[in-house]
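Q: I would like to learn how to read a few local and packing features from a model. Please give the general idea each time, then the case at hand.

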Amino acid sequence: MKIRSVRGTHDIFGEEIDKFKRISDIVSKNAYLKTFKEIQTPIFEFSDLFAKPLGEQSDVVLKEMYSFEDRNNEFLTLRPEYTTPMIRAAITNNLLNDLPLKIFGIGPMFRRERPQKGRYRQFNQINFEILGTKDFLADVELIFLSNNILKELLPKSNIKLYINSLGDKNTLLDFKISLSKYFNTHKKKLSEESIKKINTNPLRILDSKNEEDIEISKSSPKIYEYLTDEAKKHYEDIKRSLNLLEINFEENPNLVRGLDYYCNTVFEYKSDNLGSQDTLLGGGRYDGLIKVLGGPDIPGIGWAAGIERIILLMESEKKIKSTVHIAVTNVKFADYYLNLKKYLSENRISYYWNFKYNLKKSFTKASASSASHVIIIGDNEFNGNFFTIKDLMTGEQKELKLNQIFNYLNDKSR
């Protein structure tokens, strides 16, 4: 049997894991600055948790979820998204007693989609949620936060923010009726997949990737014409705030969410450098979802970002993998090496040794690992109770006592 990874999965190591850690660090830092509390949920939940909010006839539920029956005859599912588990955790742990609740999480999700660039069957996601307020400033805070994170991670990337409003329930009711009438008159030109959605969920046709569907959607009714006064004010307040914060955006009337509980604000960040999987981050307001999941009837808004897609756009960082490389010429100097190792550890100095008692190979490894210095342990050093340190940038070589090494390296780094 040939050992191989499962299709649609990938191992994270080397430069990619460095980028992964950088993303995690920057996300956590920004979360702390905006007083979001981290939450971690199990990677599997009861299947019913996803079926109702995602729609029992949706592609995610019917085709993409990894579900299984356990020994207790209970049906469980590997989480395909993070918002629902985070809300479930907030309900079951009584976190909704002090509102608004601001939470975030980072972790793996699972969907059996067709793998392609930036899309895996196990992928990692960042989620931020604010539960318990309808204030437009909560929407602005989440967009502001996402903008800060992406700018810090991708300072040179050409990414664009798109926004839209789905309005309130009355807006959506009238708009869906109008859309159904419009698409029924163009039924013959629509894709087979979109025809199925005309009378059930016409909003999803606006999100179609089929070229003919896109062309027909260009002349479809626009939701802004149906916004109630309250929904229009909410949207205008958000746009005014984004302009005040100098966050560039483009309005996209075809930016939608197909689930009934989404309302008002929807937004996405896209990049031209990711091919068909061009969405880096997407979010929206979901004022009915918490009630659907058995919690109180309170509003919510959140966003999710794909880590693998962000990594594809991140530049490589120039970094020193090891500040100091140790060259030990003979096994008889093991104790001498251990004293040096202890000293370097106590002084938080990064070091590496390749466990080869060969000076030439040690220098070759030091150069390959971009070390700044080599500390040599040989007969002269052992007998004289000192260490030879060579600066690989200047070629300078010094003989130092153990307690002089820290100050020497510290001076060099200035």
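Q: Where does Ser-370 lie?
A: Ser-370 sits in the loop between helix H14 (359-368) and strand S14. Helices (H or I, at least four residues) and strands (E, at least two) are DSSP runs, numbered from the N terminus. The model is predicted, so local features need pLDDT of at least 70 and side-chain atom pairs count only at pLDDT 80 or more, while totals for chains, interfaces and linings use all residues. Residues are numbered from 1 along each chain as its sequence is written, and side-chain values use heavy atoms, with hydrogens and water left out.

Q: What is the phi of Ser-370, and which accessibility class does Ser-370 fall in?
A: Most residues other than glycine have a negative phi. Ser-370, not a glycine, has a positive phi of about 60 degrees. Its relative accessibility is 39%, so Ser-370 counts as partly exposed; buried means under 20% relative accessible area, exposed over 50%, and partly exposed in between (1.4 Å probe, protein chains only).

Q: Is Asn-73 buried or exposed?
A: Asn-73 is exposed, at a relative accessible area of 56%. Its phi is also positive, near 60 degrees, and its place is the loop between strand S3 (67-69) and strand S4 (75-78).

Q: Which peptide bond is cis?
A: Most peptide bonds are trans. The bond from Leu-99 to Pro-100 is cis, with omega near 0 degrees. Pro-100 belongs to the loop between helix H4 (83-92) and S5.

Q: How do helix H1 and helix H5 cross?
A: Two packed helices are described by the angle between their axes and the distance between the axes. Here the axes of H1 (residues 14-33) and H5 (residues 136-153) come within 10 Å and cross at roughly 145 degrees. Axes are lines fitted to C-alpha atoms, for helices over the stretch in contact, and angles run from 0 to 180 degrees between N-to-C directions. The crossing of H1 with H5 is right-handed; a crossing is left-handed if the near helix is turned anticlockwise from the far one by less than a right angle, and right-handed if clockwise.

Q: Which residues of H1 and H5 meet?
A: Arg-22, Ile-23, Ile-26, Val-27, Lys-29 and Asn-30 in H1 meet Leu-145, Asn-148, Ile-149, Glu-152 and Leu-153 in H5, where contact means heavy atoms within 4.5 Å. Ile-149 is buried, with a relative accessible area of 2%. Apart from neighbours within four places in sequence, Ile-149 contacts Ile-26, Val-27, Asn-30, Phe-128 and Trp-303.

Q: Which residues of H1 are buried, and why do they line one face?
A: Lys-19, Phe-20, Ile-23, Ile-26, Val-27, Asn-30 and Ala-31 are buried in H1. Down the axis of H1 they fall within an arc of 135 degrees, so they line one face of the helix; the arc is that of the directions from the helix axis to the C-beta atoms. Lys-21, Asp-25, Tyr-32 and Leu-33 are exposed on the other side of H1. The cover over the buried residues of H1 includes strand S5 (101-110), strand S6 (122-131), H5 and helix H12 (307-313).

Q: Which residues of helix H13 are buried, and which are exposed on the other side?
A: Tyr-336, Tyr-337, Leu-340, Tyr-343 and Leu-344 are the buried ones in H13. Their arc around the axis is only 125 degrees, which puts them on the same side of H13. On the other side, Asp-335 and Glu-346 are exposed. Just after H13, Arg-348 takes a positive phi of about 55 degrees.
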